[in-house]
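Take a look at the structure below.

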Amino acid sequence: MLYTGLLRVRSFNALEPKLQEKTFLRFVGAQRERMRLCSVDTLSRALRVTDLESARAVSVSIVQKAERNKVFREGWHGALRYVAIDGWEPFSSRNRHCSECLVRHVRVKQGDGSVAEVPEYYHRFAVAMLIDKRFDLLLDFEPLLPKDLRRITPKAAKGKTRSVVKADEDEGELTAATRLLKRVKQTFEWIDVVVGDALYANGPFLTTTTKLGLGAVIIARKEGDEPLKEALQIWGNQPPHKLVEDKESRESIELWDCPELETLQSYAGKIRCVRGRVTRLAHPDKPPSTWCMLVVGKALRLAPEKVLAVARARWHIENTGFHQWTARWQFDHVFTHHANGIRALFWLFFAAFNLLTLFLYCQLRSYGRDRGKHVTRTISRLVDEMLDDLVLLDTAGCDSS
Ligand SMILES: [Zn+2]
């Protein structure tokens, strides 16, 4: 399955014939006398009973080894290491479902023109990705649980009469993300700052990050919510506090900074608020785009333009991550619709993704450098070249070990 991920084989149907091709057998290191590896049914069954901790350990150990080898030593902005957190829904189905499917009801037009409400099953995950100038690596993911699998905290269960309490709703992204972030910090203690979208701009989440010893840069959108409301009032009509011209991206950036806001009741500390207004010099006719960020912990040391750069780097998780995983890898194809099977498969695919990214930028440095800044395209190009070269394993008779 690791090689299936690495070579982007698109389905079990496409994999089946490969399991008896000489090239593939050599590639995966099968014994020479073997004519066939196994059936895809065997693979599917194996995924369903795979121990998830072992599968996760494959990917985790790759990232940890890179860290020990000082790959991330220099950090990024402000010499810090960043993790972006976001929600991800790789697929949905109106037919098949499993014990961990979430469900929503959608209105669908029937053959006779009438509209009916049908259940749609889907899986959603909170995802944690290391974001960096080059190394965007998957650190961990956590499924959002359906209501019948949720364990209710004693506080939330108050007032309910039964001793075993079931939740009324499927889990929200924040709950799964909080669980995820704790595990990320426990596993990768060298992570410094978490980066999140406006969903995370709330007191309880900021409190969690602070308790874990993490800094945070979170996008704030709601102008009526504290502490952004207070910051906007203080800034009023003030001219920008700082003006930065970025020659490389041809942008003019106006910045406002408010260091110690205490108006968010649900957070015990001080929060810094930064606003950046970006004008693209190449398109002066386009209206400038404005970003507001909440900053706590270790991220407080960043200059305001760096805070903005970190917040904007959040697109790495959507572009290098989610988009690439579905458009170029096969994460949206359901190889096996089984709660354990899906997660086991994802862990192996993520191990392949991390390994490939590290290989590209550590071992083939000039390959990455010569192909410009577009990480996704560079990785795809490399995979195409690897596929072309695969046949040489046969003709050159090279040892797959
Ligand atoms: Zn399912």
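## The zinc site

Four residues coordinate the zinc ion: Cys98 and Cys101 through their SG atoms, and His123 and His337 through their NE2 atoms. The distances run from 2.1 to 2.3 Å. Keep in mind that this is a predicted model.

What is the arrangement of the four donor atoms around the zinc ion? The donor atoms subtend angles of 100 to 128°, so the arrangement is tetrahedral. For that label, all angles must lie between 85 and 135 degrees.

## Helix 12 and helix 5

Helix 5 spans residues 52-68, and helix 12 spans residues 339-363. They pack at an angle of about 15°, with their axes 8 Å apart. Angles under 35 degrees count as roughly parallel, and helix 5 and helix 12 are therefore roughly parallel to each other. Their crossing is left-handed.

Which residues meet here? Helix 5 brings Leu52, Ala55, Arg56, Val58, Ser59, Ile62, Val63 and Ala66. Helix 12 brings Asn340, Arg343, Ala344, Trp347, Phe350, Ala351, Asn354, Leu355 and Leu358. By class, the residues of this contact are twelve nonpolar, three polar and two charged.

## Helix 12 and helix 4

Helix 4 (residues 40-49) also packs with helix 12. Here the angle is about 100°, and the axes are 7 Å apart. That makes helix 4 roughly perpendicular to helix 12.

From helix 4, the residues in contact are Leu47, Arg48 and Val49. They meet Asn340, Gly341, Ala344, Leu345 and Leu348 in helix 12. This contact has five nonpolar, two polar and one charged residues. Asn340 and Ala344 are listed in the contact with helix 5 and in the contact with helix 4.

## Two backbone exceptions

Most residues other than glycine have a negative phi, and most peptide bonds are trans. Where are the exceptions here?

One is Arg8. Its phi is near 55°, a positive value in a residue other than glycine. Arg8 lies in the loop between helix 1 (2-6) and helix 2 (12-18).

The other concerns Glu226 and Pro227, which are joined by a cis peptide bond with omega about 0°. Pro227 is in the loop between strand 6 (215-219) and helix 9 (228-235).

Definitions and conventions: Residues are numbered from 1 along each chain as its sequence is written. This is a predicted model: local features need pLDDT of at least 70, side-chain atom pairs count only at pLDDT 80 or more; totals for chains, interfaces and linings use all residues. Side-chain values use heavy atoms; hydrogens and water are left out. Axes are lines fitted to C-alpha atoms, for helices over the stretch in contact, and angles run from 0 to 180 degrees between N-to-C directions. Helices (H or I, at least four residues) and strands (E, at least two) are DSSP runs, numbered from the N terminus. Angles under 35 degrees count as roughly parallel, over 145 as roughly antiparallel, 65 to 115 as roughly perpendicular and the rest as oblique. A crossing is left-handed if the near helix is turned anticlockwise from the far one by less than a right angle, and right-handed if clockwise. Contact means heavy atoms within 4.5 Å. Ala, Val, Leu, Ile, Met, Phe, Trp, Tyr, Cys and Pro count as nonpolar, Asp, Glu, Lys and Arg as charged, and the others, Gly among them, as polar. Donors are N, O and S atoms within 2.8 Å of the metal (3.2 Å for Na, K and Ca); water is not among the atoms, so sites may look incomplete. Four donors count as tetrahedral if all angles lie between 85 and 135 degrees; four count as square planar and six as octahedral if opposite donors are over 155 degrees apart and all others between 65 and 115; anything else is irregular.
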